[in-house]
Amino acid sequence: MRPRLSFSPALFCASVLATFIAATAQPIQMALLKGMDPRALGPAIMSGRVTSVAVERSNPRVIYLGSASGGLWKSGNGGLTWTPIFDTLAVASIGAIAIDPRNPDVLWVGTGEGNPRNSQTFGDGVYRSPDGGRSWIHMGLDRTRAIHRII
């Protein structure tokens with residue numbers, strides 16, 4: 001799959017958040033944030049909401065990001081660039097992402113965002129990838145509609 005070139009403010013904000021999450025093993029140097037002013041991004045409109053983030057423990061530069069209606073994205077460089085990895089499937093709403101702690105190539109994704117609202121998008125169950133998001137197997141729970149957490 002080729003990376004998308006369009007700019008998404010939601011993905012940018014999620015990238016910044018995921019980078020901070022991935023860097024929790026190191027102290028944050030507040031001087032680096034000195035020139036950044038916070039600003040309101042809301043209200044959340046019909047799409048662009050980040051619903052889940054997962055970071056590979058053994059390689060924190062690998063980040064997965066799920067969105068309310070924009071699919072699943074993967075970064076291998078700490079959030080500098082993102083590639084869609086769920087676009088071939090019939091559902092675009094991601095509610096949860098889990099990385100197998102014993103094998104980081106195995107991903108579990110629950111579809112359908114779990115935060116009810118007027119523009120909630122439904123999913124069609126749970127998917128598993130044995131190869132870091134290159135292929136997907138539908139595992140069931142088709143009629144669940146919203147999966148907010150994978151244990």
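**Close-up views of a predicted model**

View 1. Strand β5 is mostly covered, since 6 of its 6 residues are buried, where buried means under 20% relative accessible area, exposed over 50% and partly exposed in between, with a 1.4 Å probe and protein chains only. The model is predicted, so local features need pLDDT of at least 70 and side-chain atom pairs count only at pLDDT 80 or more, while totals for chains, interfaces and linings use all residues. Residues are numbered from 1 along each chain as its sequence is written, and side-chain values use heavy atoms, with hydrogens and water left out. Helices (H or I, at least four residues) and strands (E, at least two) are DSSP runs, numbered from the N terminus. Strand β5 pairs with strand β6 (residues 107-111) in the antiparallel sense over 5 bridges, and two strands pair if DSSP finds at least two bridges between them. Within this pairing, Ile94 has Thr111 of β6 as its bridge partner.

**View 2. The surroundings of Ser93.** Ser93 is placed in the loop between β4 (83-84) and β5 (94-99), and this residue is buried, with a relative accessible area of 0%. A polar atom of the Ser93 side chain lies 2.8 Å from the backbone oxygen of Ala68, and a polar atom of that side chain lies 3.0 Å from the backbone nitrogen of Glu113. Leaving aside neighbours within four places in sequence, Ser93 is in contact (heavy atoms within 4.5 Å) with residues including Ser67, Thr111 and Phe122.

**View 3. A cluster of aromatic rings.** Ring pairs link Phe86, Tyr127 and Trp136 into a cluster; rings of Phe, Tyr and Trp (its six-membered ring) pair if their centres lie within 6.5 Å, and planes under 30 degrees apart count as stacked, over 60 as edge-to-face and the rest as tilted. By this rule there are 2 aromatic pairs. Phe86 and Tyr127 are edge-to-face, at 5.3 Å centre to centre with 85 degrees between the planes. Because Phe86 lies in the loop between β4 and β5 and Tyr127 in strand β7, this pair ties together parts that are 41 residues apart in sequence. Phe86 is buried, with a relative accessible area of 1%, and Tyr127 counts as buried at 5%. The rings of Phe86 and Trp136 have centres 5.0 Å apart and planes at 80 degrees, so this pair is edge-to-face. Trp136 is in the loop between β7 and β8 (137-140), 50 residues from Phe86.

Technical notes
Polar contact = N/O pair within 3.5 Å; in protein donor to acceptor, adjacent residues only side chain to side chain.
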